[in-house]
Amino acid sequence: MRASTVLLNSIVLIQLFAAQIDAKGSKSPWQTFSGDAPLVIARGGFSGLFPDSSIDAYNFAMQTSVAGAVLCCDVQLTKDGHGVSFPDLKLNNASNIGDIYPNRQKSYPVNGVTTHGWFTIDFSLRDINNVSCKYL
């Protein structure tokens, strides 16, 4: 039993040393598994400067980012089945929807909690065309 434990520990140590030597031999400045540059993913576009998921945020992210950057967005469905890029279920969290349609607020159970607001599912794409993202 003791000999098998020593053999197993020796194999583990050899594997650890081999991995260490292989890592030191890498010429890449990137510490990724492949050694390639990390992928840049802009969730919501350049949302630190522009409203999250707005066309301005995506355009600026594409103009100022590295080649091959990936844009990631949240998609919400409208009443007429169109997908719109919007960061939240409730339109009033990042738009002026309450100013445009003050009487169209509704309540829905969201994850077991009654939630009040203006939801994309209650508006058509034509309705939402009148709404603007707001800068928070």
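Arg104 counts as partly exposed because its relative accessible area is 28% (buried is under 20%, exposed over 50%, partly exposed in between; 1.4 Å probe, protein chains only). This is a predicted model: local features need pLDDT of at least 70, side-chain atom pairs count only at pLDDT 80 or more, and totals for chains, interfaces and linings use all residues. Residues are numbered from 1 along each chain as its sequence is written, and side-chain values use heavy atoms, with hydrogens and water left out.

The structure holds two salt bridges (a side-chain nitrogen of Lys or Arg within 4 Å of a carboxyl oxygen of Asp or Glu). One joins the side chains of Arg104 and Asp127, at 3.4 Å from N to O. The pair links distant parts of the chain, 23 residues apart: Asp127 sits in helix H4 (residues 125–128), and Arg104 in the loop between helix H3 (97–100) and S5. Helices (H or I, at least four residues) and strands (E, at least two) are DSSP runs, numbered from the N terminus. Asp127 is buried, at 17% relative accessible area.

## Lys106 and Asp122

Lys106 forms a salt bridge with Asp122; their closest N and O atoms are 3.9 Å apart. Lys106 belongs to strand S5 and Asp122 to the loop between S6 and H4, so the bridge ties together parts 16 residues apart in sequence. Lys106 is partly exposed, with a relative accessible area of 42%. Asp122 is buried, at 9% relative accessibility.

Strand S5 (residues 106–110) pairs with S6 in the antiparallel sense, over five bridges. Pairing requires at least two bridges found by DSSP. Lys106 stands opposite Gly117 in S6. Two residues lie between the strands of this hairpin, and Asn111 takes a positive phi near 55°.

## Thr115 in S6

Thr115 lies in strand S6 (residues 113–117). Thr115 counts as buried because its relative accessibility is 18%. A polar atom of the Thr115 side chain lies 3.1 Å from the backbone oxygen of Val113. Leaving out residues up to four places away in sequence, Thr115 touches Lys90, Lys106, Ser107, Tyr108 and Val110 (contact means heavy atoms within 4.5 Å).

## A nonpolar patch

Leu39, Ile41 and Val70 make a nonpolar surface patch of about 270 Å². Patch residues have over 30% relative accessible area and no salt bridge; like charges are joined within 9 Å, nonpolar side chains (Val, Leu, Ile, Met, Phe, Trp, Tyr) within 5 Å. Areas come from the Shrake-Rupley method with a 1.4 Å probe; for residues, only the protein chains shown count as cover. Val70 lies in strand S2 (residues 70–72). Val70 is partly exposed, at 34% relative accessibility.

Conventions. Polar contact = N/O pair within 3.5 Å; in protein donor to acceptor, adjacent residues only side chain to side chain.
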